[in-house]
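This report describes selected packing and contact features of a structural model.

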Amino acid sequence: MRIRGVSGSAAALCLAVLLAACSSGTSGSGGTTATQAAQTGPVTLDFWCWSAGQKEKVAAFNKAHPDIQVRHTDAGGGTDTATKLVTAGRAGNAPDAACLEYQTIPAMIVAGALADISAHTADVKDAFTPEVWSLTSFDGAVYGVPQDVGPMVMVYNRKRFDELKIEVPKTWQDFATVAAAVRAKDPDTYLATFAPAEFGNFAGLAQQAGATWWKVQDQTWTVGIADAASTEVAAYWQGLVDKDLVKVQPLLTPEWNNQLNKGRILSWPSALWATGVLYGVAEKQAGDWAIAPLPQWTEGDDRVAFQGGSAIAVTKNSKHLQAAATFAKWMNTDKAAYELQIAAGEYPASLAGQQATTASEPPKLAGGQKDYWEVAAKAAQRTIPHISWGPNVSTAQSAFQDAMAAAVRDKTPLTQALQKTQQVVVDDMTSTGFKVAAP
Amino acid sequence: MTEPIGARRGSRAPYLFVAPAVVLFVAFLAVPIGYAVYLSVRGLRLTGAGIFGTRQEVFVGLDNYARTLTDPEFWAGFGRLALYGLIGVPLTLGLALLFALLLDYAGARGRRFSRTAIFLPYAIPGVTASLLWGFMYLPSTSPFSYLTRELGLGEIPFLTGDGIYPALANVAVWGGVGFNMIIIFTSLRGIPSELSDAARIDGASEWRIAWHVKIPLVAPALVLTGLFALIGTLQVYGEPTTLAPMTTEISQTWVPLMHIYRDAFIRDDLPLASAASVILAVGTLIVSVVLLKVTQKRAFGGMS
């Protein structure tokens with residue numbers, strides 16, 4: 001379980017966040033807290049979050065807000081926190097605020113766990129790009145303040161790329177060509193891995209190709225996990241797998257780490273947080289790696305999806321809605337908060353936070369790359385609009401993982417695995433009582 | 001005068017003495033089991049409130065049972081368990097008996113050391129043992145695969161294809177032999193030495209003594225360890241869960257308990273998981289009772 005936690009929610013564990021300090025936001029929150037203190041005295045909030053740097057941020061918040069004191073608890077990674085929050089909510093003892101991965105938010109709303117804080121967030125909306133803000137707001141209701149994002153990039157071993165004299169692919173067609181070249185030049189080495197368990201990664205690649213996995217209109221859902229774009233992406237990876245151009249293996253196992261350290265796995269098309277994850281398992285390669293824009297389906301495009309990232313949400317259980325909203329806003333837009341966040345190695349969701357990263361050093365793994373933060377900022381600012389997740393993403397994730405693993409093992413088509421996932425998701429939604437339109 | 005007092009004391013004291021046990025039983029066993037059964041007839045269904053609707057708990061009758069009983073993946077989990085158990089249980093019991101007999105053999109040397117060495121793996125937590133073996137199975141960290149590779153025989157497919165069954169059973173055997181050996185060994189030490197001596201004077205070899213004297217006398221211990229092993233097999237969860245991230249062979253519903261965990265905590269469907277748990281518990285109970293009935297006559301018949 002522990003290991004699955006690492007690979008499955010690598011995004012969650014490693015990412016981070018925060019951001020945008022706008023002076024209006026700061027003064028606004030100061031005003032509200034003063035009023036509240038006058039009325040009710042200091043309030044105490046409970047807060048669950050797993051990501052790095054939270055302790056320091058919470059301490060800074062408490063120092064700046066004598067009338068709101070926050071108690072921080074690490075309740076486990078993204079998946080665990082979401083599960084526990086639902087259970088605690090039903091029991092009536094959920095914390096006031098909690099970090100949630102973006103893809104779990106619709107499920108939390110359907111579970112009735114989150115409070116709409118749109119009455120308190122008008123002043124911070126512009127601190128984020130509309131693409132990021134739309135990850136936590138639905139039909140005008142706001143269910144959280146974005147904390148960290150994981151725009152997708154290609155993380156690659158630049159030293160080995162140079163040794164093998166290969167170029168960073170700009171399109172997915174190039175990617176296949178380069179993968180073949182790598183196999184020809186060094187038969188022990190693969191350009192990349194195809195890991196059947198990487199649901200979030202595949203979702204991001206499919207979204208980049210134009211897939212919409214969930215859509216809701218008038219409470220009627222459309223599920224597109226096996227839509228044309230997703231099928232095309234699956235067929236593309238099928239080609240690479242069939243020709244043995246990518247290594248088919250779970251990520252971050254002792255086996256994979258060993259190959260990585262031997263320089264036999266050259267890249268990981270994933271998201272910004274991946275440099276931190278890789279540094280954790282391949283410390284010796286510090287400085288060898290770099291990031292580049294993710295390959296595109298059409299040359300000249302620059303849109304990418306997110307993989308991972310989280311927001312701070314306020315729960316329905318909270319008796320201090322306004323104070324909790326103030327906390328969520330401060331944590332994700334105040335200068336002090338995003339500076340601590342960046343120091344902890346995380347990529348803020350707010351524009352000001354992202355701007356602030358450019359003044360900092362690149363992560364150790366990519367220590368030699370001078371334009372690291374520029375590449376990162378470009379990816380962050382050109383993310384796909386209107387990414388939406390469904391009410392049973394965790395069901396989809398587990399169905400996807402089992403179906404993909406079975407397809408790889410039994411050598412059946414990956415596209416069939418997508419159809420199977422789609423079927424499980426639609427059946428699950430239908431039996432819960434959702435209206436699901438035919439695709 | 002004395003009689004009423006005695007009667008009063010008699011009526012109260014037993015309840016008082018039994019109260020702690022009853023309270024603990026009710027609070028920590030009966031109530032949770034009752035709650036699981038209650039949950040198993042509930043279900044989370046959508047109501048109209050909220051922008052997407054909200055899931056509420058409602059009564060759904062036997063729907064969860066029907067879904068579980070008609071889920072081929074749930075039954076496939078029992079199939080995999082059977083395969084795993086067929087390899088693991090006889091090996092664990094066989095080796096435990098063998099080691100116990102060897103330790104019991106009068107001429108054995110280094111008895112205390114051997115006993116500790118064989119028992120030691122049982123003291124290693126299951127998760128640690130699984131990780132330890134997992135490293136020894138993965139091609140690039142496995143010492144076994146390293147040897148076969150050097151010998152030109154290729155890698156041993158511990159974690160791919162059907163290799164997963166012996167690989168997992170091996171972890172259980174490694175960890176379980178010591179515990180079962182101690183139970184059987186203790187039982188062997190309880191056999192009066194006159195029996196062995198008499199057989200020896202009659203000219204029986206150590207082998208015949210073991211087969212005709214000792215093993216029949218430790219049959220109750222064998223039944224007990226067999227029952228533990230069977231229940232242990234039905235409850236397998238930790239080993240496959242720990243090894244799952246290292247291989248695509250182990251799905252999230254590989255064994256029934258993993259299936260239950262997934263429904264409860266990944267799909268957020270506690271009622272469905274409760275129904276499957278009830279089915280698993282009842283099934284385990286039935287199998288245990290049947291096993292005891294079948295073996296009772298042979299194991300205990302001569303003694304009672």
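## A helix pair in chain B

Helix 7 (residues 164-189) of chain B packs against helix 10 (residues 219-234) of chain B at an angle of about 165 degrees, and their axes lie 9 Å apart. Helices are DSSP runs of H or I with at least four residues, strands are runs of E with at least two, and both are numbered from the N terminus. Axes are lines fitted to C-alpha atoms, for helices over the stretch in contact, and angles run from 0 to 180 degrees between N-to-C directions. Helix 7 of chain B and helix 10 of chain B are therefore roughly antiparallel, a term applied to angles over 145 degrees.

Helix 7 of chain B contributes Asn180(B), Ile183(B), Ile184(B) and Ser187(B) to the contact, and helix 10 of chain B contributes Ala221(B), Leu222(B), Leu224(B) and Thr225(B). Two residues are in contact if their C-beta atoms, placed from the backbone, lie within 7 Å. By class, this contact has five nonpolar, three polar and no charged residues. Ala, Val, Leu, Ile, Met, Phe, Trp, Tyr, Cys and Pro count as nonpolar, Asp, Glu, Lys and Arg as charged, and the others, Gly among them, as polar.

## Basis of the model

The model is predicted: local features need pLDDT of at least 70, side-chain atom pairs count only at pLDDT 80 or more, and totals for chains, interfaces and linings use all residues. Residues are numbered from 1 along each chain as its sequence is written, while chains are lettered from A and ligands numbered from 1 in the order in which they are written.

## Contact between the chains

In chain A, 36 residues are in contact with 28 residues of chain B. On the side of chain A that touches chain B, helix 18 (393-410) is among the elements giving two or more residues, and helix 18 of chain A gives the most, with nine residues. The residues of this side of chain A comprise 18 nonpolar, 13 polar and five charged.

## Domains of chain A

Chain A is divided into domain 1 (15-150 + 307-371) and domain 2 (151-305 + 387-436), with bounds from an automatic or database domain assignment. The C-alpha centres of the two domains of chain A lie 28 Å apart. Their contact takes 23 residues from domain 1 of chain A and 27 residues from domain 2 of chain A.

On the side of domain 1 of chain A that touches domain 2 of chain A, helix 6, strand 6 (145-157) and strand 13 (306-314) each give two or more residues. Helix 6 of chain A gives the most to this side, with four residues.

Note on methods: Parallel < 35°, antiparallel > 145°, perpendicular 65-115°, else oblique.
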